[in-house]
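Student: I would like to go through this model and ask what stands behind each label. Can we start with the structure on screen?

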Amino acid sequence: MPAPTPLIAGNWKMNGLVASLDEARGVAAGLSGVTARVALCPPATLVERMSRALAGTAVLVGGQDCDARESGAYTGDVAAEMLFDAGATMVILGHSERRAGHGETDAVVADKVRAALRAGLEPIVCVGETLDERRAGQALAIVTEQVRGSLPPELAGHAFSVAYEPVWAIGTGLTPTIAEIEEVHQAIRTALMGAFGGEGGGVPILYGGSVKPTNAAEILHAAEVGGALVGGASLKAADFLGIIRAA
Ligand code: PEP
């Protein structure tokens with residue numbers, strides 16, 4: 001099976017005001033010759049404005065989370081259809097900051113994936129072990145279980161990706177060794193093929209956690225790494241382009 005087109009997605013988390021859209025425009029302006037797919041996921045407040053700012057460019061826009069329900073009396077929540085309506089074509093789901101800070105279980109993430117599919121959004125589903133779990137030798141088991149529990153069968157036939165984000169590597173400057181990344185990505189590939197058969201062989205598996213221009217090439221060329229989910233280094237166009245160009 002040919003390798004899927006790499007996806008480099010930026011997660012702005014709770015960062016970004018209207019003035020920050022200049023960075024997004026800077027990313028779009030620097031993409032000549034780039035074959036990877038590129039996405040930026042700003043806070044919900046900026047999805048519509050970023051979509052307008054990037055209309056006609058190669059940069060895709062995504063949300064960082066969505067509610068599993070379609071609409072109703074859920075103060076403060078944002079439905080998948082609302083993100084789509086605002087111009088998003090993707091959505092990050094199951095980020096560890098949502099799993100840990102908002103009590104999202106695999107079942108909750110799977111429901112959000114279903115909602116994203118109903119709305120026409122391409123999900124990027126995050127999995128990853130904590131430092132305690134890695135030290136206990138449970139990384140592969142945890143990640144495999146998260147893949148099985150967070151990816152519903154309805155994903156078959158749809159475009160989606162999985163992001164391996166070791167919790168202890170996010171925003172810390174720490175990264176696993178290349179061998180550790182490859183070992184987990186291979187386990188994710190096995191789980192994907194178990195769940196989706198041959199189709200699971202073509203799903204991009206992104207790595208996320210302290211990716212920077214200086215380590216991107218090594219990580220992005222590791223076996224079974226099909227792109228990157230980038231937090232802090234996606235906030236500045238120059239840094240993000242340095243990662244994109246390494247793909
Ligand atoms: C993330 O939170 O998705 C992430 C990868 O963050 P950082 O790149 O800042 O470690």
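Tutor: A residue counts as buried when its relative accessible area is under 20%. Keep in mind that this is a predicted model.

Student: Why is His95 called buried?

Tutor: His95 has 4% relative accessibility, and the cut-off is under 20%, so His95 counts as buried. His95 sits in the loop between S4 and H4. Not counting residues up to four places away in sequence, His95 touches Asn11, Lys13, Cys126, Glu165 and Ile170.

Student: What makes the pairing of the His95 and Glu165 side chains a polar contact?

Tutor: The two side chains come to 3.2 Å. A polar contact requires N or O atoms within 3.5 Å, one able to donate a hydrogen and the other to accept it, so the pair qualifies.

Student: Why is Ser161 counted as buried?

Tutor: Ser161 has 0% relative accessibility; the cut-off is under 20%, so Ser161 counts as buried. Ser161 is in strand S6, residues 161–164. With neighbours within four places in sequence left aside, the contacts of Ser161 are Leu7, Pro123, Ile124, Val125, Val203, Pro204 and Leu206.

Student: How do you know that the buried residues of H10 are on the same side?

Tutor: The buried residues of H10 (237–244) are Ala237, Phe240, Leu241, Ile243 and Ile244. They cover an arc of only 155° around the axis, which is why they fall on the same side of H10. Their cover includes strand S1 (7–11), helix H1 (21–29), strand S2 (37–41), helix H9 (216–220) and strand S8 (227–230).

Student: Which residues does Val27 contact, apart from those within four places in sequence?

Tutor: Val27 is in contact with Val38, Leu40, Val59, Ala237, Phe240, Leu241 and Ile244. Val27 is also one of the residues with the most contacts inside the largest nonpolar core, which has 65 residues. This core takes at least three residues from each of domain 1 (18–87) and domain 2 (137–247). Another core, of 11 residues, lies apart from it and includes Leu7, Ala163, Leu206 and Leu229.

Student: What makes the span of H5 close to the expected one?

Tutor: H5 (residues 106–119) has 14 residues and reaches 20 Å from its first C-alpha to its last, against 20 Å expected at 1.5 Å a residue. Among the buried residues of H5 are Val109, Ala110, Val113 and Leu117, and also Asp106 and Lys112. Helix H3 (80–85) and strand S5 (122–127) are among the elements covering the buried residues of H5. Just after H5, Gly120 adopts a positive phi of about 90°.

How values were computed: Residues numbered from 1 in each chain as written. Predicted model: local features only at pLDDT ≥ 70, side-chain atom pairs only at ≥ 80, totals over all residues. Heavy atoms only, no water. Core = buried A, V, L, I, M, F, W, Y, C linked by side-chain atoms within 4.5 Å. Buried < 20%, exposed > 50% of the residue type's maximum accessible area, 1.4 Å probe, protein only. Domains from an automatic or database assignment. Contact = heavy atoms within 4.5 Å. Helix = DSSP H or I, 4+ residues; strand = E, 2+ residues; numbered from the N terminus. Expected span 1.5 Å × (residues − 1). Arc of directions from axis to C-beta.
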